[in-house]
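This report is written for a reader who is meeting the structure for the first time. Please keep the sequence and the model in view while reading.

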Amino acid sequence: MPTRRRLARGLAAVGVSLFAGASKAFGITPSYRLAVVPYRIPLAGWSGAPMRIAVLADLHACEPFMPPSRIAAIVARTNALHPDMVVLPGDFAPGLRRLRPEEGRPEDWAAELARLRAPLGAHAVLGNHDWWEAGGPAPIRAALRWAGVRVHQNEAVPLAHGGQRFWLAGTDSAMARPLGGGRYAGADDLPRALGQVTDAAPVILLAHEPEQFRRVPARVGLTIAGHTHGGQVRIPVFGSPVAHAPHAGRYAHGHVADRGRHLVVSGGLGFSVLPVRFGVPPEITLIEVAAL
């Protein structure tokens with residue numbers, strides 16, 4: 001039988017462990033850790049030099065959880081990776097409505113994004129939280145464009161890298177307008193975006209919600225998404241109890257290959273519901289597109 005002293009020591013050890021875990025989840029991991037998660041995607045029809053795409057998803061800019069200084073550090077780390085292109089698949093607005101964080105001006109965080117450097121530039125689509133803002137998506141679009149980030153609204157543009165021509169398409173949020181009961185009216189229009197593709201060059205699609213991948217045709221070789229935060233909290237054995245996308249299923253995080261199509265879901269950088277990450281550190285996703 002344990003003595004009182006041993007029991008007290010045991011309880012103290014458990015308390016310290018819980019405090020350390022909570023400190024890591026609510027402080028260290030969200031505020032200081034920044035992982036670089038690489039993927040290599042062999043893309044059908046790609047015959048040019050490999051192309052590096054840095055993905056910055058789900059910033060959820062706000063004070064004190066994602067201030068401009070934190071975004072500046074993320075931008076500096078991204079530039080040090082020397083990507084050929086940077087993509088930002090939405091959710092620049094805060095996702096912590098119940099905590100009422102200080103949002104600041106979009107121009108403040110956009111000024112840091114203006115420092116991104118890549119030969120093919122920076123490209124973005126909007127996420128559901130960008131639509132749910134009181135002022136609507138217009139101020140966020142304006143701030144991104146002011147920063148030199150091209151915002152894709154259900155459109156496709158031709159680009160070229162290392163002798164390889166390709167199309168970058170972008171769809172708007174599929175959860176733009178809440179209808180109640182867990183239903184949404186989307187602002188996404190995939191047929192319109194792909195209707196602007198005029199040749200057989202490879203197509204890369206930028207979307208906020210990974211669920212859009214279910215409707216992506218074989219014509220699109222690679223889809224890049226965010227939204228899920230990788231679950232935000234991932235506990236061994238139990239998985240991710242925080243479900244940002246209950247219907248995401250196998251599209252919650254990472255690389256999915258399906259009948260010649262590829263999906264990469266970034267774990268993202270910020271958070272929603274609660275300012276906590278555990279088992280899913282903030283990440284810059286780095287995709288290398290190469291020939292088969």
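## Salt bridges

A salt bridge is counted where a side-chain nitrogen of Lys or Arg lies within 4 Å of a carboxyl oxygen of Asp or Glu. The structure is a predicted model, in which local features need pLDDT of at least 70 and side-chain atom pairs count only at pLDDT 80 or more, while totals for chains, interfaces and linings use all residues. Residues are numbered from 1 along each chain as its sequence is written, and side-chain values use heavy atoms, with hydrogens and water left out.

The count comes to nine salt bridges. In one of them Glu-112 is joined to Arg-115, with the closest N and O atoms 3.1 Å apart; Glu-112 is buried, its relative accessible area being 14% (buried means under 20%, exposed over 50% and partly exposed in between, with a 1.4 Å probe and protein chains only). Asp-188 forms another with Arg-215, at 2.8 Å between the closest N and O atoms. Asp-188 sits in the loop between strand 9 (183-185) and helix 6 (190-194), and Arg-215 in the loop between strand 10 and strand 11, so this pair ties together parts that are 27 residues apart in sequence.

Asp-258 and Arg-259 also meet through their side chains, at 2.9 Å from N to O. Asp-258 is buried, with a relative accessible area of 14%, whereas Arg-259 is exposed at 72%. Asp-258, Arg-259 and Arg-261 are linked in a network of salt bridges.

## Helix 3

The protein has six helices and 14 strands, taken as DSSP runs numbered from the N terminus (helices are H or I with at least four residues, strands E with at least two). In helix 3, which spans residues 106-113, the buried residues are Trp-109, Ala-110, Glu-112 and Leu-113. Seen down the helix axis, these buried residues fall within an arc of 155°, so they line one face of helix 3; the arc is that of the directions from the helix axis to the C-beta atoms.

The buried residues of helix 3 pack against helix 2 (68-80), strand 3 (85-89) and helix 5 (138-146), where contact means heavy atoms within 4.5 Å.

Six strands form an open sheet in the order 6-7-10-11-13-12, with mixed pairing; two strands pair if DSSP finds at least two bridges between them. Its edge strands, strand 6 (155-161) and strand 12 (254-258), each pair on one side only.

Within this sheet, strand 10 (residues 203-206) and strand 11 (residues 220-225) run parallel and are joined by four bridges. Val-203 stands opposite Val-220 in strand 11.
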